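Subject: Structure for your review

Dear colleague,

Please find the structure below, together with its sequence.

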Amino acid sequence: MEARNSNGQSPTPSSSETLMVALLTVPAAQLPSLARALTADARRLRCRLAFLLLSPQHFARALARLRSMPLPAKAKLLGRVLLRSLLLLLPALCPDDYGGSTHHLIPPPDLDAALLLLAICDSYSPATAASSPSPVDWRAVIVDDVVASALSVSGLGATPWAALAPYVDAAAKCRRFADVVSEDRELGVGKDGDGSGGASYAAVMTLPPAAGNGAPCAICREEMAPGPRGVCALRPCGHRFHWHCVLRWLARRNTCPCCRAELPALDALAETRRLWRAVERMARGG
């Protein structure tokens, strides 16, 4: 019998549960290739972190960059790294919702700062703060944590799920992180003013041209003249508009003017919401 909460309703599944249900719908033949891709990515990130820990000069540079960031910038960077984990899972989960999103592309200086930020979060504890000198020697603390993790039995195993688990965990944190940031924005906390409701540049650049069919453009209401010029089709819905009209529209919002189909968003928070809706549809079987 289905478990219910105190109000007699079915409990809302957690982010991790939603992801796992969605992954269970992926054909078994696709899991090994997905696991290989994630294992290779995890190896690259571990190698980059090891390089930073073995090079005091590069570690100091990355730590200085991280310290120079204001708190909103640190939060935005953390959100991009967590969103990256979700994006790496999506080719198998929702191929149609993956194209046009470039939030997984993080420049090397920002990636180094992000790796240190995640390593600091993972290695920090009240005991660390109490036992470490002031200021904290973060390089020594992270090295100790990395060595302890390498010698533990967690994560051992050759099954695809062993490779997927860290990314599922990070992607679930991505959803929770987006919820917290959304609440802060609504309260006016941590607002940096650079969020955008527009479509991502990559999504706009890949819009295909289309032939006009004499129908009116839904934005300007003027006829789209027959011929291959001046008209484009939105993805995934296929609705057609004048190029100059839809470019102005997509600079402000990432939805189709006709059917509200969503394109990849420029703002990482908006893109997180869009992709999570796709995952939830996958988990529901539709």
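In which helix is serine 123 found? Serine 123 is found in helix 5, which covers residues 108-123; helices (H or I, at least four residues) and strands (E, at least two) are DSSP runs, numbered from the N terminus. Serine 123 counts as buried, at 8% relative accessibility. Here buried means under 20% relative accessible area, exposed over 50%, and partly exposed in between (1.4 Å probe, protein chains only). A polar atom of the serine 123 side chain lies 2.8 Å from the backbone oxygen of alanine 119.

Please note that this is a predicted model, in which local features need pLDDT of at least 70 and side-chain atom pairs count only at pLDDT 80 or more, while totals for chains, interfaces and linings use all residues. Residues are numbered from 1 along each chain as its sequence is written, and side-chain values use heavy atoms, with hydrogens and water left out.

Overall fold

The protein chain has 11 helices and 2 strands, in the order α-α-α-α-α-α-α-α-α-β-β-α-α along the sequence. Of its 286 residues, 37% count as buried.

Nonpolar cores and surface

A nonpolar core is a set of buried Ala, Val, Leu, Ile, Met, Phe, Trp, Tyr and Cys residues joined through side-chain atoms within 4.5 Å. The largest such core has 51 residues, of which Leu19, Leu86, Leu89, Leu93, Leu116, Leu164 and Val279 touch the most other members. Helix 4 gives the most to this core, with 12 residues. A second, separate core of 18 residues includes Cys232, Ala233, Cys245 and Ala261.

Leucine 77 also lies in helix 4 and counts as buried, at 5% relative accessibility.

On the surface, Met20, Leu24 and Trp161 form a nonpolar patch with about 290 Å² of accessible area together. Such patches are made of residues with over 30% relative accessible area and no salt bridge, like charges being joined within 9 Å and nonpolar side chains (Val, Leu, Ile, Met, Phe, Trp, Tyr) within 5 Å; accessible areas come from the Shrake-Rupley method with a 1.4 Å probe, and for residues only the protein chains shown count as cover. Methionine 20 is in helix 1 (residues 15-24) and is partly exposed, at 33%.

Salt bridges

A search of the whole structure finds 8 salt bridges, each a side-chain nitrogen of Lys or Arg within 4 Å of a carboxyl oxygen of Asp or Glu. Aspartate 110 and arginine 65 meet in one of them, at 2.7 Å from N to O. This pair links distant parts of the chain, with aspartate 110 in helix 5 and arginine 65 in helix 3, 45 residues apart.

Arginine 44 forms a salt bridge with aspartate 41, the closest N and O atoms being 3.5 Å apart. The two residues are separated by about one helical turn because they are 3 residues apart in helix 2. Arginine 44 is exposed, at 52%, whereas aspartate 41 is buried, at 3%.

Cysteines

The structure holds 0 disulfides, a disulfide being a pair of cysteine sulfur atoms within 2.5 Å. The sulfur of cysteine 217 has its closest cysteine sulfur in cysteine 220, at 3.9 Å, which is too far for a bond. For cysteine 258, the closest cysteine sulfur is in cysteine 256, at 4.7 Å, again too far for a bond.

With kind regards

Key. Polar contact = N/O pair within 3.5 Å; in protein donor to acceptor, adjacent residues only side chain to side chain.
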